[in-house]
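Work through the following exercises with the sequence and the model open side by side.

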Amino acid sequence: MKAQQHLVALSLILFMAVTMFLGWWTPLESMTYDMWFRIRGSQVPSNDIVIIGIDDESLAKIGRWPWNRTVHAKLLDALSEARAVGFDFTLPASSDPTEDNSFAEAISTHGKVVLAANYTFEKEGNDTFQVLRFPASPLLKAAKGLGFVNFPTESDNIVRRVLPATYERERPFPSFSLAVGMTAQGIPMQQLKISNGHIQAGTMDIPWVNQRSPLINFWGPAETIPTYPYYKVINGIIPKDTFKDKIVFVGPTSPLLSDKFQTPFTRSNMVLQSSHPSSGVELHATALECYLSGRYYAQAPLWLNLLAVILVGTTTYIISINQKRWTGLLSLSGVTLLWIFLTGLLHVHAHLWINLVTPLATGFLTYLAASVFNFITEELERKKVQHLFGRYVSPTVVDQLLSRPEMVHLGGQRVDTTILFSDIRGFTSYSEGRTPEEVVGRLNEYFSRMTQVIFKHGGTLDKFMGDGIMAVFGAPIADPDHALHALEAAKEMCSTLEEMNQGWRERGEPLFNLGVGLNSGPVLAGNIGSEERMEYTVIGEDVNLSSRLESLNKQYKSRIILSERTLQYLTESATRTGQLPVRVDKGDMINVQQTSTQQELLQYFQLEEMGEVSVRGMVQPVKIYTLPAYNDN
């Protein structure tokens with residue numbers, strides 16, 4: 001069973017690793033990646049980058065978009081002291097060349113203006129081509145730099161990465177945000193280098209591992225980067241020195257211009273958390289903040305995520321496999337909270353994105369596997385206990401054993417018990433001349449009543465031996481008062497037989513008599529046999545002595561005979577419970593002399609000494625006692 005359990009857990013871990021490799025868990029992992037940004041909250045960006053937004057107010061003040069390009073020329077006059085200015089919107093040839101010339105002159109005068117190009121996809125027949133669209137020629141010639149504005153979105157239409165650069169006509173071509181940064185630092189476009197692992201432009205070193213776009217650090221939701229309305233800048237409401245030595249991005253922020261993107265901060269309810277989609281111009285500004293600060297996010301490599309799956313899954317399984325249901329659930333909760341804390345810590349402080357969902361799902365599945373197998377094992381143990389003891393002990397004892405199935409094991413353990421042997425007197429003569437059905441019916445009636453008595457006093461039915469019964473008190477459930485309970489059972493067996501004889505007498509049927517032998521001491525108790533078939537029994541010298549004492553009843557014409565060893569345990573029980581003032585230390589035997597103390601002891605238990613007898617197989621004679629009140633008169 002254990003080997004099968006381990007194999008199932010290993011298969012589950014392997015399954016989770018394969019499904020992670022196939023990308024089945026990517027959507028959920030992306031959601032948790034976004035979640036960490038929202039938990040972290042907004043951060044304060046540098047004061048070097050600002051945005052001039054073409055917002056709703058500006059559209060209302062200036063007019064319908066697109067505006068006359070002389071308006072942009074006026075804006076550049078207000079931004080004359082800016083380190084660099086980037087216009088994040090396309091500028092195709094105008095219907096009025098005068099506008100282009102006026103704007104081109106302003107661009108040239110400023111000297112640090114970057115314009116936007118964009119990639120489009122066009123079809124020609126059955127073929128689709130990627131085409132780069134440039135600004136109007138006069139504007140392009142006047143500009144200091146040019147960059148593409150396209151953003152890569154993932155399968156859920158959320159922007160988490162940027163594309164810093166690409167190749168155009170076999171030459172490195174920067175993104176719009178990178179081009180603005182290079183212009184601000186005075187880096188010629190010819191110095192842009194792309195290699196496996198890095199994109200370098202002056203002091204900006206951008207990770208580019210396996211041509212994988214870097215994860216950018218989002219400072220917060222929309223408008224986290226300082227944003228000023230376009231109309232306030234050109235009307236002088238905002239002073240010119242506000243933009244001195246600043247890197248300025250100019251672009252649409254109004255929803256009417258459809259330049260909005262989902263980011264990790266807009267995955268949750270926009271209304272409740274006021275997290276609107278971010279404008280494209282703010283994404284460019286955010287990307288440049290990362291380029292200048294070098295604060296990117298890194299996605300954990302595949303091997304590390306695989307290791308996380310194996311580690312969390314194995315840890316949860318090992319912790320849960322040998323624990324009870326509730327403690328296993330607490331262990332799972334502990335591992336879950338620990339892994340959530342660790343991944344959150346790595347995200348916030350180390351900027352490392354390591355999988356959260358897949359390892360936790362693996363841990364849950366392995367916990368579930370361990371729980372199922374533990375449940376099956378417990379049920380098998382319960383059935384084993386019921387099979388072994390259901391016929392031997394009372395339902396109360398079975399319930400105790402079911403609550404502690406570990407008590408049932410092949411082999412044995414040494415315990416103190418009292419063994420009861422009983423036998424029907426004259427059963428052989430009764431059987432003669434009667435049909436088997438009649439004999440068995442009478443015997444079953446007798447055994448049923450006697451078994452009830454034994455169970456009532458906490459005894460274990462060891463076996464039926466012809467017309468005899470062997471019962472054990474003190475095993476498999478330990479009982480410090482086993483001798484007292486065995487004696488009470490013997491008394492009630494005699495009383496019960498009298499009741500049964502009364503009924504048989506009234507029916508005109510033959511009567512039964514019985515003899516009971518009691519002896520106490522340490523025995524070897526356990527399930528004796530093989531894994532396929534075993535029986536619970538006790539073996540040892542004291543078992544044999546009990547059987548010998550039972551057979552003496554015929555000789556002494558008594559019904560109950562018990563040994564001095566049983567009397568010792570009876571005395572200990574009565575002394576411990578305060579019922580008897582006599583103290584008999586463990587291991588001591590009752591003095592052979594008839595002292596007043598012993599007389600009180602015998603009187604208390606209604607016993608009468610019968611002397612010493614030699615028992616076959618034992619060196620020393622054994623002192624025996626009987627209960628005169630129960631003897632057959």
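Two residues are in contact when heavy atoms of theirs lie within 4.5 Å. The model is a predicted one, and every exercise below refers to it.

**Exercise 1. Describe the protein as a whole, and state what percentage of its contacts with a separation of 6 or more joins residues 24 or more positions apart.**

Solution. Begin with the secondary structure, which comes to 20 helices and 24 strands. Next take burial: of the 633 residues, 49% count as buried. Finally, among contacts with a separation of 6 or more, residues 24 or more positions apart account for 71%.

**Exercise 2. Determine whether the length of helix α5 agrees with its number of residues, and which residues of α5 are buried and which exposed.**

Solution. Step one concerns length: α5 runs over residues 97-110, and its 14 residues, at 1.5 Å a residue, should span 20 Å, which agrees with the 20 Å between its end C-alpha atoms. Step two is to list the buried residues of α5, namely Glu99, Asp100, Phe103, Ala104, Ala106, Ile107 and His110. These cover an arc of only 160° around the axis, so they lie on the same side of α5. On the other side of α5, Pro97, Thr98, Glu105 and Thr109 are exposed. Step three asks what covers the buried residues, and the cover includes α4 (69-78), β2 (84-87), β3 (113-124) and α6 (137-142). After α5 comes Gly111, whose phi is positive, near 85°.

**Exercise 3. Work out the strand order of the open sheet that contains β9, and find which helix packs on this sheet.**

Solution. The three strands lie in the order β8-β9-β10, with antiparallel pairing. Since β8 (193-195) and β10 (204-208) each have a single partner strand, they stand at the edges, and one side of each is therefore left without a neighbour in the sheet. Neighbouring strands are turned by 15° against each other on average, direction ignored. Five bridges link β9 (residues 197-201) with β10, and Ala201 has Met204 in β10 as its bridge partner.

**Exercise 4. Decide whether strand β19 is enclosed or open, and which strands pair with β19.**

Solution. Six of the six residues of β19 (residues 468-473) are buried, so this strand is largely enclosed by the rest of the structure. In a regular strand the side chains alternate between the two faces of the sheet. Here both faces are covered, with Gly468, Met470 and Val472 buried on one side and Ile469, Ala471 and Phe473 buried on the other. For the pairing, β17 (residues 413-425) runs antiparallel to β19 and is joined to it by six bridges, Ser422 having Ile469 as its bridge partner. Strand β18 (residues 459-465) also pairs with β19 in the antiparallel sense over six bridges, with Thr460 bridged to Val472. The hairpin of β18 and β19 has two residues between the strands, and Gly466 in the turn has a positive phi of about 65°.

How values were computed: Residues are numbered from 1 along each chain as its sequence is written. This is a predicted model: local features need pLDDT of at least 70, side-chain atom pairs count only at pLDDT 80 or more; totals for chains, interfaces and linings use all residues. Side-chain values use heavy atoms; hydrogens and water are left out. Two strands pair if DSSP finds at least two bridges between them. Helices (H or I, at least four residues) and strands (E, at least two) are DSSP runs, numbered from the N terminus. Axes are lines fitted to C-alpha atoms, for helices over the stretch in contact, and angles run from 0 to 180 degrees between N-to-C directions. The expected span of a helix is 1.5 Å times one less than its number of residues. Buried means under 20% relative accessible area, exposed over 50%, partly exposed in between (1.4 Å probe, protein chains only). The arc is that of the directions from the helix axis to the C-beta atoms.
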